[in-house]
Amino acid sequence: MDETLDEFYMMEAMKEAKKAEELDEVPIGAVIVLDGKIIARAHNLRESEQKSIAHAELLAIDQACKELGTWRLEDTTLYVTLEPCPMCSGAIILSRVKRVVYGAADPKGGCAGTLMNLLEDERFNHQSEVAKGVLEAECGQLLSNFFRKIRERKKQEKQRRNESSLKDLQ
């Protein structure tokens, strides 16, 4: 695949990640492409929907299946800003996505090469081609900035509680 096209579609996935961030969701976005056309786009909605399965990849896969009228996504490419977890990797295999392109590696849950590589494991009846590190720095920065803001917010809240407790004691 053309590196420029991979970057173009990854930027589209990053747009989805930014939508998640606006909702105070972990900024992960995904798009699914077939024949040069985006047929599905999604972002994390775990907090908004209070569903552990509302990952960007799963939501995009569901949307693509509805768009195509089939569960087989055999000629598609999934672009996602963070390496897929075990659950998403399983769904990718089961829906027969041809190719997966991800941005940032996930050292705590990545199953497309970091902790393990479920997507290319030949013991399964389907394997997906994996391309990693596309716009890795940019995708990683989205996540780093998000978690930094959360830590700062928690620190400020703790400081306000401590100040409030001191006032109550006076």
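The largest pocket of this predicted model holds about 390 Å³ of space. A pocket here is an open set of points on a 1 Å grid over the protein atoms alone, where a 1.4 Å probe fits, with protein on both sides within 12 Å along at least five of seven lines. Its volume is the space filled by probe spheres set on the points, which are joined across faces, edges and corners. The largest pocket is lined by 18 residues, lining meaning an atom within 4 Å of a point. V26, I28, L82, D106 and F147 lie nearest its centre. The lining comprises 10 nonpolar, 3 polar and 5 charged residues. Ala, Val, Leu, Ile, Met, Phe, Trp, Tyr, Cys and Pro count as nonpolar; Asp, Glu, Lys and Arg as charged; the others, Gly among them, as polar.

The whole structure contains 3 aromatic pairs (Phe, Tyr or six-membered Trp ring centres within 6.5 Å; planes under 30 degrees apart are stacked, over 60 edge-to-face, the rest tilted). The F8 and Y9 ring centres lie 5.1 Å apart with planes at 75°, so this pair is edge-to-face. F8 is partly exposed at 40% relative accessible area, whereas Y9 is buried at 5% (buried, under 20%; exposed, over 50%; partly exposed, in between; 1.4 Å probe, protein chains only). F146 and F147 also pair edge-to-face, at 5.2 Å centre to centre and 80° between planes. F146 is buried at 5%; F147 is partly exposed at 35%. Ring pairs join F8, Y9 and Y79 into a cluster.

Residues are numbered from 1 along each chain as its sequence is written, and side-chain values use heavy atoms, without hydrogens or water. Local features need pLDDT of at least 70 and side-chain atom pairs 80 or more, while totals for chains, interfaces and linings use all residues.
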